[in-house]
Amino acid sequence: MRKIPALIALVGLATVGLVGCSAGATEACPRPAATDRSTTDLITVTGSTDAAPSVSVYTPFHADTTAFADLATGSGTPISTDDQLVVLDISLYDGTTGQPLVKTAYDGSDSSVFSLARWSETFPSFADALHCATPGTRTVIALPPDGIAAQTASSVGLTEGDSAIAVVDVRKTYLPKADGADQYNDALGMPTVVRAPDGRPGIIVPDATAPTDLVVQTLKKGDGDVVTGDQPVRLAMTGVTWDNPRRTTFTDTWGSEPVSVGLSTESDAFRSAIEGKTVGSQVLVVIPPDQLGDTPPAGVTAGETVVYVVDILGLDATPAK
């Protein structure tokens with residue numbers, strides 16, 4: 001079996017044997033049903049969207065540019081940013097021979113969570129072909145020679161100049177930022193939160209004495225699933241200390257990837273601040289030093305009060321026992 005690139009290995013792509021031959025987009029993120037039908041009409045895809053597809057194609061197949069056509073459309077949160085987290089199932093086919101190359105497990109698991117940007121490192125064409133796709137969408141993508149990273153192409157047996165075909169099922173998407181309704185809070189003496197267009201928060205700590213009790217304020221209230229603590233929650237977080245907020249933040253996931261947090265491993269204060277909230281919410285949390293647990297967060301000095309702004313973006317799969 002050929003060695004395959006790290007990202008593909010992480011999601012369990014396996015070699016496969018030879019096989020035989022819309023209403024999902026939101027108004028805020030419109031998506032065409034297809035781009036170049038003259039290309040994608042050469043490809044026939046059959047089979048349930050719950051399992052790996054069967055593909056037949058007029059060979060040798062070649063694409064000069066990326067083209068896609070949606071075969072099924074879903075609903076829910078569209079893929080609107082490169083940094084957004086997604087769960088995908090993928091089958092890849094050789095354009096020259098029509099033979100299958102690799103595929104994901106198609107086992108129904110939501111545990112292989114990656115940003116679209118990470119997928120695009122392996123499949124650059126995905127950045128455009130999956131824009132505004134929603135959970136439940138199956139799309140066939142004609143990949144030109146530069147639509148696959150050179151290392152990936154070589155590792156699965158493609159040669160220079162070869163095109164390929166990908167069938168992608170979008171299983172799950174996470175919010176790119178908190179999208180809930182703004183909530184009124186009495187902000188007297190509390191930090192102020194400002195937001196960039198991409199959702200990145202800025203925290204303005206007042207020139208005032210830090211509170212001695214835990215403070216939790218819901219800044220945006222989402223309408224998604226409730227966080228119970230029974231499964232990990234995916235969070236975008238920014239954290240500063242009250243006494244020295246102008247120094248580098250001690251935690252900031254914006255610009256990288258949101259973190260998966262098992263609340264049972266967090267301090268009682270942080271856990272109580274997040275449990276019971278809903279996906280899509282943004283929460284301001286001020287934790288005094290005596291409620292930070294046995295060990296302060298990395299980058300925080302003992303005795304400091306910490307301020308978090310937390311976006312709740314989704315729930316992860318429950319870990320296997």
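1. The model contains one disulfide, the term being used for a pair of cysteine sulfur atoms within 2.5 Å. The partners are Cys-29 and Cys-132, with sulfur atoms 1.8 Å apart. The torsion about their S-S bond is about -85 degrees, so the disulfide is left-handed. Cys-29 and Cys-132 are 103 residues apart and link distant parts of the chain. Cys-29 lies in the loop between strand S1 (14-15) and helix H2 (37-40); Cys-132 lies in the loop between helix H4 (126-129) and strand S8 (138-143). Helices (H or I, at least four residues) and strands (E, at least two) are DSSP runs, numbered from the N terminus.

2. This is a predicted model, in which local features need pLDDT of at least 70, side-chain atom pairs count only at pLDDT 80 or more, and totals for chains, interfaces and linings use all residues. Residues are numbered from 1 along each chain as its sequence is written, and side-chain values use heavy atoms, with hydrogens and water left out.

3. Strand S17 (residues 282-287) includes Leu-284. Leu-284 is buried because its relative accessibility is 1%. Beyond its neighbours within four places in sequence, Leu-284 has contacts (heavy atoms within 4.5 Å) that include Pro-191, Val-193, Val-215, Val-216, Val-307 and Tyr-308. From Ile-274, Leu-284 is 10 residues away in sequence and 10.0 Å away in space, C-alpha to C-alpha.

4. Strands S5 (residues 85-94) and S6 (residues 100-103) pair in the antiparallel sense over three bridges; pairing requires that DSSP finds at least two bridges between two strands. Tyr-93 is opposite Pro-100 in S6. The two strands form a hairpin with five residues between them. In the turn, Gly-98 has a positive phi of about 80 degrees.

5. On confidence, pLDDT (the predictor's confidence in each residue, from 0 to 100) averages 89 for the chain, and 90% of the residues score at least 70. Two segments call for a remark. Over residues 1-6 pLDDT stays under 50, and the model has 13 contacts for them beyond four places in sequence. Over residues 15-25 pLDDT also stays under 50, with 28 such contacts. Where pLDDT is low, the predicted coordinates should not be read in detail.

Methods:
Buried < 20%, exposed > 50% of the residue type's maximum accessible area, 1.4 Å probe, protein only.
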